[in-house]
Amino acid sequence: MTWEILEKHITHYSEEEKVLIRKAYETALTCHANQKRASGEHYITHPTAVACEIAKLKLDAKTIAASLLHDTIEDCSITREEIARDFGEEIAFMVNG
């Protein structure tokens, strides 16, 4: 699962929403850079797959961003406060939940 695959599922979102989703993807990619799944795949494949499913349901861009970031607080060195600063309180709330 890569950005290119996710991008195919977000064509109907506004440019501003796509920027938010891309920023969340890049943050998740950086946070999970050294992590692998049990299968040996890069960890980013998991949050990207979740985001694709959320996008297929046509949920809002903030929910897609939160889905990309959903394991970052728990598994990486990023904090809830950093998520709130970079993405807003609503996304930080979803990620922390």
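Trainee: Where is the place of K58?

Mentor: K58 lies in the loop between α3 and α4; a helix here is a DSSP run of H or I with at least four residues, numbered from the N terminus. This is a predicted model, in which local features need pLDDT of at least 70 and side-chain atom pairs count only at pLDDT 80 or more, while totals for chains, interfaces and linings use all residues. Residues are numbered from 1 along each chain as its sequence is written, and side-chain values use heavy atoms, with hydrogens and water left out.

Trainee: Why is K58 called exposed?

Mentor: Its relative accessible area is 60%, and exposed means over 50% (buried is under 20%, partly exposed in between, with a 1.4 Å probe and protein chains only). So K58 counts as exposed.

Trainee: How do you know that the length of α3 agrees with its 12 residues?

Mentor: The expected span is 1.5 Å times one less than the number of residues. For α3, residues 45-56, that should give 16 Å, and the end C-alpha atoms are 16 Å apart, so the two agree.

Trainee: Which residues of α3 are buried, and what do they pack against?

Mentor: They are T45, P47, T48, A51, C52, I54 and A55. Their packing partners are α1 (3-8), α2 and α4, where contact means heavy atoms within 4.5 Å.

Trainee: What makes α4 mostly covered?

Mentor: Of its 9 residues, 7 are buried: A61, I64, A65, A66, S67, L68 and L69. The cover over them includes α1, α2, α3, α5 (72-75), α6 (80-87) and α7.

Trainee: Why are α2 and α4 called roughly parallel?

Mentor: Helix α2 (residues 15-31) and helix α4 (residues 61-69) pack at about 5 degrees, with axes 8 Å apart. Axes are lines fitted to C-alpha atoms over the stretch in contact, and angles run from 0 to 180 degrees between N-to-C directions. Under 35 degrees is roughly parallel, over 145 roughly antiparallel, 65 to 115 roughly perpendicular, and the rest oblique. The pair is therefore roughly parallel.

Trainee: Which residues of α2 and α4 meet?

Mentor: From α2 come E17, L20, I21, A24, Y25, T27 and A28, and they meet A61, K62, I64, A65, L68 and L69 of α4. By class, 10 are nonpolar, 1 is polar and 2 are charged (Ala, Val, Leu, Ile, Met, Phe, Trp, Tyr, Cys and Pro are nonpolar, Asp, Glu, Lys and Arg charged, the others, Gly among them, polar).

Trainee: What is T63 in contact with, leaving aside its neighbours within four places in sequence?

Mentor: I54 and M94. T63 itself is found in α4, and its C-alpha atom is separated by 23 Å from that of Q35, 28 residues apart along the chain.

Trainee: Which residues of α6 and α7 meet?

Mentor: R80, I83, A84 and F87 of α6 meet E89, I91, A92, F93, V95 and N96 of α7. This contact has 7 nonpolar, 1 polar and 2 charged residues, and the axes come within 7 Å and cross at roughly 145 degrees.

Technical notes. Helix = DSSP H or I, 4+ residues; strand = E, 2+ residues; numbered from the N terminus.
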